[in-house]
Amino acid sequence: MATRLPPPKRQKLYHGVPEPVPEPEKPSPNIVVQFVSEEDGTSLAPAVNIPANLTRENLEALLNKLTPKDDEPVPFSFHVNLPENKNAPAGAPTRIVIASSIEKDVLEHPSEEFTQEDVIVVHCAPQSVFRVRPATRCSSTLTGHSSPILCAAFSPTGNKLATGSGDMNVRLWDLNTETPSHVLSGHAGWVLCVEWEAMERKLASGGHDGRVRLWDPATGQALGDALKGHTKWIMSLAWEPIHINSTSPRLASSSKDGTVRVWDTATRRLEYSLGGHTASVNIVKWGGSGGPKGVLYTASSDRTVRVWDAEQGRPLMTLKDHAHWVTTLTLNTDFVLRTGPFDHTGKKPANEGEAQAAAKARFDNILKTTPELLISGSDDHTLFLWSLFPSSSPAADSDNRTTVTKPITRLTGHQKQISHVAFSPDGRWAASAAWDSSVRIWEGRTGKFVATLRGHVGAVYRVAWSADSRLLISASKDSTLKIWDLKTYKIKTDLPGHTDEVYCVDFVADKVVSGGRDKTVKM
């Protein structure tokens with residue numbers, strides 16, 4: 001018997017109407033695009049005529065083809081600046097990030113600033129040469145501290161971790177095995193801050209007992225007795241940069257008693273004490289430019305930021321623009337000063353001279369394009385961006401003044417006190433966290449507002465950047481950590497797990513460490 005053909009398909013009816021004919025794809029217009037560098041505005045390639053619906057990935061590939069520098073394609077981020085609009089409300093975005101295609105993001109932008117006839121100037125920022133894997137899960141929960149963890153810091157190479165806690169101990173952890181290696185006990189009060197020397201030879205801790213202690217991280221032994229002198233507890237510590245002094249860097253400690261003391265760590269003597277603030281000195285930073293030995297930046301509850309010459313300790317400037325306590329400072333060179341001679345290649349310097357040269361090269365590399373910038377954050381809900389020594393950088397040719405005491409700009413937008421501010425490692429961005437549960441991203445060179453990252457439901461205490469400046473992590477009172485993707489300004493991963501407020505977070509290579517009120521360290 002011959003095979004019978006199947007009956008013809010019944011035509012689908014939509015409420016009694018035959019199926020509509022699929023619409024043809026609407027043609028995409030061609031546009032002229034000029035790629036320029038975000039750093040200095042120089043054009044990267046001649047203007048090209050391309051279809052407007054090219055995806056972001058295709059734009060990246062095209063730009064890599066047009067600028068063949070190295071074999072490996074460099075990832076870029078693209079944005080288009082909106083024209084200055086005087087009537088725009090405060091906090092309105094000043095740029096359009098190209099996330100899918102120029103047609104979707106720019107031509108169809110609600111502001112309707114761009115048409116197909118315009119030459120669209122696309123600003124390109126090369127994302128860094130190496131990539132950090134984002135943390136996605138908690139790989140270990142380390143108990144050991146018997147009260148809340150107040151501070152945590154990775155060593156410059158990222159092989160060791162130090163945490164300080166209210167149980168008066170500092171603990172060292174081995175990161176290869178994620179196990180505890182040493183307990184450093186000696187403080188008679190809470191340990192409020194820990195700071196690694198940039199060569200990883202020493203660790204300093206400051207306590208509620210007003211003492212600064214030095215430790216040998218290899219053996220876990222105390223290096224001599226405590227450094228005494230402060231009459232109240234230690235608020236913050238800062239080591240002298242390696243490129244200035246690689247043999248025995250000095251240590252600066254700031255205290256609630258309103259003074260900053262600079263110690264010689266080899267002889268364990270006090271070099272000098274800086275009095276001048278009339279209230280608690282909340283944070284001290286040791287900058288690498290501005291003098292032969294660098295400068296000390298101190299921020300205090302007397303509403304001022306003071307700048308001191310680190311050689312003799314003489315005051316250079318007093319910045320009185322804040323209207324309330326100044327609680328946090330960040331330098332665009334922080335990351336380089338903190339990691340000293342160690343970079344992402346993982347090479348170890350053979351001796352101190354080599355280390356000093358490597359650290360100097362990394363520091364000068366940042367100063368090539370920008371002077372050392374400072375951002376101060378305060379309880380008056382605002383931040384100021386300062387460039388105090390513009391002549392320290394070859395990029396600032398027009399500005400030959402050696403010191404400037406007026407801020408470049410004021411960063412406003414937070415609704416409550418600022419808890420922490422941090423520059424990204426490449427100095428291009430700054431992130432500020434505040435008690436209004438939000439994190440805001442600013443342009444590091446100009447202080448322009450870029451985006452607000454919302455998602456936390458409690459005050460945000462700390463932020464930390466990944467070494468490639470692509471990811472930002474924030475720690476909050478709501479017991480979570482969130483990793484943010486800076487291409488989309490959305491949450492990339494949520495890291496729950498803590499059972500109470502998270503007080504501290506640090507990000508190194510592809511490890512994140514956090515500690516908080518639940519007494520556990522999580523990685």
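1. Throughout this note, buried means under 20% relative accessible area, exposed means over 50%, and partly exposed lies in between, with a 1.4 Å probe and protein chains only as cover. The model is predicted, so that local features need pLDDT of at least 70 and side-chain atom pairs count only at pLDDT 80 or more, whereas totals for chains, interfaces and linings use all residues. Residues are numbered from 1 along each chain as its sequence is written, and side-chain values use heavy atoms, with hydrogens and water left out.

2. On salt bridges (a side-chain nitrogen of Lys or Arg within 4 Å of a carboxyl oxygen of Asp or Glu), the structure holds 12. One of them joins Glu197 to Arg201, with the closest N and O atoms 2.8 Å apart. Glu197 is buried, because its relative accessible area is 1%, while Arg201, at 27%, counts as partly exposed.

3. Another salt bridge pairs Lys228 with Asp225, where the closest N and O atoms are 2.8 Å apart. Lys228 is partly exposed at 44% relative accessible area, and Asp225 is partly exposed at 45%.

4. Asp334 and Lys285 meet through their side chains in a salt bridge of 3.5 Å, N to O. This pair links distant parts of the chain, since Asp334 lies in helix 3 (residues 334-339) and Lys285 in strand 21 (residues 281-287), 49 residues apart; helices (H or I, at least four residues) and strands (E, at least two) are DSSP runs numbered from the N terminus. Both Asp334 and Lys285 are buried.

5. Turning to the strands, four of them form an open sheet in the order 17-18-19-20 with antiparallel pairing, where two strands pair if DSSP finds at least two bridges between them. Strand 17 (234-239) and strand 20 (269-274) are the edge strands, each pairing on one side only. Strand 18 (residues 251-255) and strand 19 (residues 260-264) pair in the antiparallel sense over four bridges, and Ser254 has Val260 in strand 19 as its bridge partner.

6. Two further residues may be checked against the structure. Val119 is placed in strand 7 (residues 119-126) and counts as exposed, because its relative accessibility is 51%. Ser378, in contrast, is placed in strand 26 (residues 374-378) and is buried, with a relative accessible area of 0%; its side chain reaches the backbone nitrogen of Asp380 at 2.9 Å.

Methods
A polar contact is a pair of N or O atoms within 3.5 Å; within protein, one must be able to donate a hydrogen and the other to accept it, and residues adjacent in sequence count only if both atoms are side-chain atoms.
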